[in-house]
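Reader: I'm new to this one. Could you walk me through how to read a few of its features?
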Amino acid sequence: TIEKSKAFDHAGGRKGVDASMRFITDDCEYHAPVGPEPGERFIGKDDVRRYFDSFLDHDSGSECLPGDLHVYSDRGVATWAYKRTDESGESAVVQGCDLFEFVGDKISLKNAFSKCST
């Protein structure tokens, strides 16, 4: 499972939605770090794909920074960060973590949390 998680993380880092989607279950859930509930929920592969596509469009100019990944049985946690620079040259670092649940070797839940520092 840790190998699949690393592959999923690497695929997302390359901005490969098609590659990332191979690692999630058909009935997966993604809980975004922003939105209502708190954090907007996307349920099912098609809904999650639409969110991933829009998220990658939004963050296309960001620089991914290294993080850690740990998997324990059917659960995992990944830390991540990326640097975002706006049109005026001001930059901010967004840091976060994802909590995962697995079914077999696929992700059934990805729950993301983030914070921003300048």
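Reader: Which strand is His31 found in?

Author: First, some ground rules: this is a predicted model, where local features need pLDDT of at least 70, side-chain atom pairs count only at pLDDT 80 or more, and totals for chains, interfaces and linings use all residues. Residues are numbered from 1 along each chain as its sequence is written, and side-chain values use heavy atoms, with hydrogens and water left out. Strands are DSSP runs of E, at least two residues, numbered from the N terminus. His31 sits in strand S1.

Reader: Is His31 buried or exposed?

Author: Buried means under 20% relative accessible area, exposed over 50%, partly exposed in between (1.4 Å probe, protein chains only). His31 has 16%, so it counts as buried.

Reader: What is His31 in contact with, leaving aside its neighbours within four places in sequence?

Author: Contact means heavy atoms within 4.5 Å. For His31, the list is Glu40, Arg41, Leu109, Lys110, Asn111 and Ala112.

Reader: And how do I read strand pairing? Which sense do S5 and S6 pair in?

Author: Two strands pair if DSSP finds at least two bridges between them. Strand S5 (residues 75-85) pairs with S6 in the antiparallel sense, over 11 bridges. Trp80, for instance, has Gly96 in S6 as its bridge partner. The hairpin of S5 and S6 has 5 residues between the strands, and Gly89 there takes a positive phi near 95°.

Reader: Where do the side chains of S6 point?

Author: They alternate along residues 91-103. Buried on one face are Ala92, Val94, Gly96, Asp98, Phe100 and Phe102.

How values were computed
Helices (H or I, at least four residues) and strands (E, at least two) are DSSP runs, numbered from the N terminus.
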